[in-house]
Amino acid sequence: MQALLYLKYLTPLKIYNYIRLYFSYLLKRINKLSYPAFISFEPTNFCNLKCFECPVGNGKSLRNKGFANIELFKKIISDNKKYLINILLYFQGEPFIHPQIEKLIEIARENKIFTEISTNAVLIPEIFNKIKNSLPDKLIISIDGITDETYLKYRKNSDLNKVTETLDLLSALPRKIRPYIEVQFLIFKHNQNDISKLKEFLSYYKIDKISLKTAQISDFENINILPDNPKFSRYKLVDNKLMLKYPIKNKCKRIIFGSVISFDGKLLPCCFDKNSQNVLGNVNKSTISEIRNSIKYQNFVNQVFTDRKKISICNNCTEGQKNIKISL
């Protein structure tokens, strides 16, 4: 069902480009990378919540804060629109804090690019009339609990009533303008018992997909928040050290198929580089294609495909890992 959403945005050139990227990935040919099929573009790294495992929410982010420039966004779209299938308007921060978020969506859509936003959905009710005619093609809404007790345990400074109000507003929209809505539920120890009641809780709203996701933690002190049931966790404990369940493989689709761009134009290898430790270029100075085919970028990709475990951000990443299947 979700794959059908992309059909109206596809062209022969985009399909050809995607095939080229696929063979670059399959054959590990990185000396001449094609244009990205997707871009993750950060509207802002400000956030209204205080989630304690998020570097923005817990205040440990080392990055300056700001908002993406509309003209820079236009340039990126103009340079890549012939090849881009979709754009993810999120990275760190809450996208709907950007004062012109609807303009970013409109620019992408005018250029026939699928738009997607991941949001905590708390701010949407107060700006709904402003954005309701410029919503993205897909909205991922984070709901990690069905009561205030379980939801607010992680989503500090949030408001579950505002989130359900958002779902009410979206559900009331006609199908032709209502986004594809995916609810994402991060599994912790404190909310694992909500899973069995989640489908009933969400049955009152028009939701297209419910995703259960294992939680990522970066601070060993927070190990106690991981669920008791091992099937709900991406980690295992070995010699009092937290490790991913499965070995890190020397491959990564994301770095071949896409690019991550921070609000200020830094091009990063992926969304796991939350503190911009591996800046591979700057789109204020070069095009994405020029950066992806630079020596610096190709050296990084070569490291990924030969000895990925030596890259620190890859050691907590599930890309290439065996899928942990969780059902309601």
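## Buried charged residues, core and enclosed spaces

Glu 42 is buried, with a relative accessible area of 0%. This value, like the others in this report, was computed from a predicted model. Glu 42 belongs to the loop that runs between strand 1 (38-41) and helix 2 (70-80). Its side chain makes a polar contact of 2.6 Å with the side chain of Arg 63, and the side chain of Glu 42 also reaches the backbone nitrogen of Gln 92 at 3.3 Å. Leaving aside residues up to four places away in sequence, Glu 42 touches Arg 63, Ala 68, Phe 91, Gln 92, Ile 261, Ser 262 and Phe 263.

Because its relative accessible area is 2%, under the 20% limit, Lys 14 counts as buried. The backbone oxygen of Leu 84 lies 2.8 Å from a polar atom of the Lys 14 side chain. Although Lys 14 and Tyr 83 are 69 residues apart along the chain, their C-alpha atoms are separated by 4.7 Å. Beyond residues up to four places away in sequence, the residues touched by Lys 14 are Tyr 9, Lys 81, Lys 82, Tyr 83, Leu 84, Ile 85 and Lys 112.

The distances for these two residues are listed below.

| Atoms or groups | Distance |
|---|---|
| Glu 42 side chain, Arg 63 side chain | 2.6 Å |
| Glu 42 side chain, Gln 92 backbone nitrogen | 3.3 Å |
| Lys 14 side-chain polar atom, Leu 84 backbone oxygen | 2.8 Å |
| Lys 14 C-alpha, Tyr 83 C-alpha | 4.7 Å |

In soluble globular proteins, nonpolar side chains tend to be buried together. Here the largest nonpolar core holds 93 residues, of which Phe 41, Phe 73, Ile 87, Ile 143, Ile 255 and Ile 256 touch the most other members. Phe 41, with residues up to four places away in sequence not counted, touches Ala 68, Phe 73, Ile 76, Ile 87, Leu 88, Leu 89, Tyr 90 and Ile 261.

Across the whole structure, 1 cavity of 30 Å³ or more is found. The largest cavity has a volume of about 60 Å³. Its lining consists of Cys 252, Ile 255, Pro 269, Cys 270, Phe 300, Val 304, Arg 308, Ile 313, Cys 314 and Cys 317. These lining residues divide into 9 nonpolar, no polar and 1 charged.

Conventions: Residues numbered from 1 in each chain as written. Predicted model: local features only at pLDDT ≥ 70, side-chain atom pairs only at ≥ 80, totals over all residues. Heavy atoms only, no water. Core = buried A, V, L, I, M, F, W, Y, C linked by side-chain atoms within 4.5 Å. Buried < 20%, exposed > 50% of the residue type's maximum accessible area, 1.4 Å probe, protein only. Contact = heavy atoms within 4.5 Å. Polar contact = N/O pair within 3.5 Å; in protein donor to acceptor, adjacent residues only side chain to side chain. Helix = DSSP H or I, 4+ residues; strand = E, 2+ residues; numbered from the N terminus. 1 Å grid on protein atoms, 1.4 Å probe; cavity = no way out; pocket = protein on both sides within 12 Å on 5 of 7 lines; lining within 4 Å. Points joined across faces, edges and corners; volume = space filled by probe spheres on them. Nonpolar A, V, L, I, M, F, W, Y, C, P; charged D, E, K, R; others polar.
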